[in-house]
Amino acid sequence: MAAPKESVVGPLVGAVVQGTNSSRFLVFNSKTAELLSHHQVQLTQEFPKEGWVEQDPKEILQSVYECIERTCEKLNEVNIDISNIKAIGVSNQRETTLIWDKLTGEPLYNAVAWLDLRTQSTVENLSKKIPGNNNFVKSKTGLPLSTYFSAVKLRWILDNVSEVQKAIEEDRALFGTMDSWLIWNLTGGVNEGVHCTDVTNASRTMLFNIHSLEWDKELCDFFEIPMSILPNVCSSSEIYGLMKAGSLEGVPISGCLGDQSAALVGQMCFQEGQAKNTYGTGCFLLCNTGRKCVFSEHGLLTTVAYKLGREKPAFYALEGSVAIAGAVIRWLKDNLGIIETSEEVEKLAEEAGTSYGCYFIPAFSGLYAPYWDPSARGIICGLTQFTNKSHIAFAALEAICFQTREIVDAMNRDCGIPLSHLQVDGKMTTNQILMQLQADILHIPVIKPSMPETTALGAAMAAGAAEGVGIWSLKPEDLSAVMMERVDPQIKATESEIRYSTWKKAVMKSMSWVTTQSPESSDSAIFSSLPLGFFIVSSMMILIGARYISGTAY
């Protein structure tokens, strides 16, 4: 006789979290915000040329299906009835750009990832077309013209992929960021799948007017993007469609947020002035500015934070974006081979206890906020004969914290009121050394939730709160209290400032490293014949400041 299903108080909500390195599906109790089960699938990235970063849309879609099914199996194994899952939210890596055939459902090109740099010359050519006294692109979108955002990636695809050009001519092409691709497929695909996005993802395309909350014809004309391929823009919390296959067939998909907006909601930063920093592949600091757009004078972005219902107002945020955070740990593992798992970096750094004057600028995709320099490249400097892999591991963790310091400083200058503490989330916050370094370098306390999956929680909250679902209350008095851990600074402010000023000096050395017509690319055939170790000194990672000092550490 089958065991009875376990009684779980309150309806359940699922959350798809589609990130750069993995896809996950998590299930929460809507009354307590307790995480009941989850499953994760790692993803591959493709690097066809230097600076190019692509992903297979079909692999990503399959990973999401697998995560959903495996999570449902795990719930069944502990006798939790999956029929209690009443809604699903979607959170996703932003800006990553896809085009697919609406008749066959097949991608017409790989997904061009947000980290991709191939559009640098596209950006340079487009910037010449913007009047110096009227930067209408930034005033309408809140974004600087950069390789980071979807419009320039889409422009490159239209210019270079004949199959896409043909599909547009024949009215077969659909454009979307990762949320659009997933929702279209999950709601039926070629069989009347819903082609939509939400305001947070739309605001990262550079085609969306963040004031009127709609696609902007002037922007589409500027980038020469046909508006017919764009998805319908919805709020972040409404029923978009129903799951059409699998164990959760018939369950509404009713929440959609770009990953950083989802983390802001999951951290419950609903009040003006509340901020959070997420440590993932990149590092993203968002500060809620309420119902008004605040434009930065210090290199930050203005973006839509969330719109939690069709008739609800949009809230905005200032954002500091760092391209490389967790990605530098993956680089140490996959490219240098000095660790076998990402978790080992904490042990290595602990062994060193210091970087011994070694500074790491991980500008693999240029520098984002506050510099916006796509020509910057990564450097490790301050090396001596004493430097070993433990010091480099420590310097890599420090790099994440120094980059965060830069965007926190910019945020403080823009807002006028310095942050008294930093709320953090993301997988990397389990690294105790990283969190202590962050508190030391900022010289303010770091506050982290005991449950770090705030991105998934935010997507689940938006889905459960949607009209027609109504199982998750977002009223302040109904929100579940979250257990927090506090990490206080342990070094003197003067020491923190000395280390930070040296970091800034190293950043200056990394900037303006390459031009569009970089000589390195023409020498690729020569470099391909060199031994692997040689690539420690390359256009992607220049080691400078090395000195031979016998038996002495500086």
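Visitor: How many residues are in the largest nonpolar core?
Guide: In this predicted model, the largest nonpolar core has 147 residues. Phe-223, Leu-332 and Phe-360 have the most contacts inside it.

Visitor: Which helix gives the largest share of this core?
Guide: Helix H12, residues 389-415. It supplies 14 residues.

Visitor: What other core lies apart from it?
Guide: Another core, of 36 residues. Phe-25, Leu-75, Cys-234 and Met-243 are among them.

Visitor: Switching to strands. Are the faces of S22 covered or open?
Guide: Both faces of S22, residues 446-449, are covered. Val-446 and Lys-448 are buried on one side. Ile-447 and Pro-449 are buried on the other.

Visitor: How do S21 and S22 run, parallel or antiparallel?
Guide: Parallel, with two bridges joining them. S21 spans residues 422-425. Leu-422 has Val-446 of S22 as its bridge partner.

Visitor: Where does the chain go between S21 and S22?
Guide: Through helix H13, residues 432-442. This β-α-β crossover is right-handed.

Visitor: And S22 with S23, parallel or antiparallel?
Guide: Antiparallel, joined by four bridges. S23 covers residues 484-487. There, Met-484 is the bridge partner of Pro-449.

Visitor: On to charges. What is the count of salt bridges?
Guide: The count is 29. One of them joins the side chains of Arg-499 and Glu-398, at 2.7 Å, N to O.

Visitor: Where do Arg-499 and Glu-398 sit in the chain?
Guide: Arg-499 is in helix H15, residues 493-510, and Glu-398 is in helix H12. They are 101 residues apart, so the pair links distant parts of the chain.

Visitor: Are Arg-499 and Glu-398 buried or exposed?
Guide: Arg-499 is buried, at 16% relative accessible area. Glu-398 is buried too, at 3%.

Visitor: What does Glu-406 form a salt bridge with?
Guide: Lys-504, with the closest N and O atoms 3.4 Å apart. Glu-406 is in H12 and Lys-504 in H15, 98 residues apart. Glu-406 counts as buried, at 5% relative accessibility. Lys-504 is partly exposed, at 31%.

Visitor: What about Glu-73 and Arg-70?
Guide: Their side chains meet in a salt bridge at 2.6 Å, N to O. Both lie in helix H1, residues 57-77. They are separated by about one helical turn because they are three residues apart in that helix. Glu-73 is partly exposed at 39%, and Arg-70 is partly exposed at 27%.

Visitor: Which residues are linked in a network of salt bridges?
Guide: Arg-94, Glu-95, Arg-204, Asp-259 and Glu-319.

Key: Residues numbered from 1 in each chain as written. Predicted model: local features only at pLDDT ≥ 70, side-chain atom pairs only at ≥ 80, totals over all residues. Heavy atoms only, no water. Core = buried A, V, L, I, M, F, W, Y, C linked by side-chain atoms within 4.5 Å. Buried < 20%, exposed > 50% of the residue type's maximum accessible area, 1.4 Å probe, protein only. Pairing = 2+ DSSP bridges. Right-handed = clockwise from strand over helix to strand, strands pointing away. Salt bridge = Lys/Arg side-chain N within 4 Å of Asp/Glu carboxyl O.
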